[in-house]
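Open the model in your viewer and keep the sequence panel beside it. The stops below say what to select and what is found there.

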Amino acid sequence: MNDETTTGEHPSTPPHDPDTLELRTPAQFKALGHPVRHRVVNLLRQRPATLGELATALHAAKGTVGYHVRVLREAGIVRLAATRHVRGGTEQTLALVSRAFRLHPEAAAGPDFLVRAALAEMRPARPGQAEHTLLNHLWLTQHEAHALIARLRDLLPPPGRTPFTGGEPYGLLLSLYPADIPALPPSGSSGDSAARNSAS
């Protein structure tokens, strides 16, 4: 999340960032796993907002949004940023506790948590709308894998805090993960010859 992103990186890569909240408790993952609360977090990534503003953006009742905000606050993900008196009541402005989130290496949830979050956001592209999803497989040494991760991190565009006129929201999910793919021996190897002999 480096400003406004979520990563599933292990701590072997970037050093600890005081502006990054490490996600590790069941309460945090339960809070972020609900689609409404996920949308609340995406709204607060743009800027702090009042409960009324969140409810309007989500087309939901303030009571419903208030409940989900309370869950996020109890999980330590959302904080009270400011209050002001309006019409004899108190209006609260809410914000994220951190500009960025990162999965703790000992957390029960892993990168699959981020994949599920991305899937929940995905919607079919309209005719003519840009969209690109690709699954590929690479055979890498550990050195090559770490070098590729560093390159992918450098390619991440700077996050946009506030929607700008004419822009549309897009999700960008970059993932390099150990894959469960069996390997054939090289063609012409002894194993290949044994297979041919057994077939004859």
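Select strand β4 (residues 78-86) and strand β5 (residues 89-96): they run antiparallel and are joined by eight bridges. Strands pair here if DSSP finds at least two bridges between them. Helices (H or I, at least four residues) and strands (E, at least two) are DSSP runs, numbered from the N terminus. Pick Thr83 and look across to Gln92, its bridge partner in β5. Then move to the turn: β4 and β5 form a hairpin with two residues between them, and Arg87 in that turn has a positive phi of about 45°.

A note on the numbers: this is a predicted model, in which local features need pLDDT of at least 70 and side-chain atom pairs count only at pLDDT 80 or more, while totals for chains, interfaces and linings use all residues. Residues are numbered from 1 along each chain as its sequence is written, and side-chain values use heavy atoms, with hydrogens and water left out.

Next, select Glu22 in strand β2 (residues 20-23). With 31% relative accessibility, Glu22 counts as partly exposed (buried is under 20% relative accessible area, exposed over 50%, partly exposed in between, with a 1.4 Å probe and protein chains only). Leaving out residues up to four places away in sequence, Glu22 touches Gln28, Arg102 and His104; contact means heavy atoms within 4.5 Å.

Now show helix α1 (residues 26-33) and helix α2 (residues 35-46). How do their axes cross? They come within 5 Å and cross at roughly 90°, which makes α1 roughly perpendicular to α2 (65 to 115 degrees; under 35 is roughly parallel, over 145 roughly antiparallel, the rest oblique). Axes are lines fitted to C-alpha atoms, for helices over the stretch in contact, and angles run from 0 to 180 degrees between N-to-C directions. On the α1 side the contact is made by Lys30, Ala31, Leu32 and Gly33, and on the α2 side by Pro35, Arg37, His38 and Val41.

Stay on His38, in helix α2. At 16% relative accessibility His38 counts as buried, and beyond its neighbours within four places in sequence it contacts Leu32, Ala117 and Glu121.

Follow Ala117 into helix α5 (residues 111-121), whose buried residues are Phe113, Leu114, Ala117 and Ala118. Seen down the axis of α5, these fall within an arc of 135°, so they line one face of the helix; the arc is that of the directions from the helix axis to the C-beta atoms.
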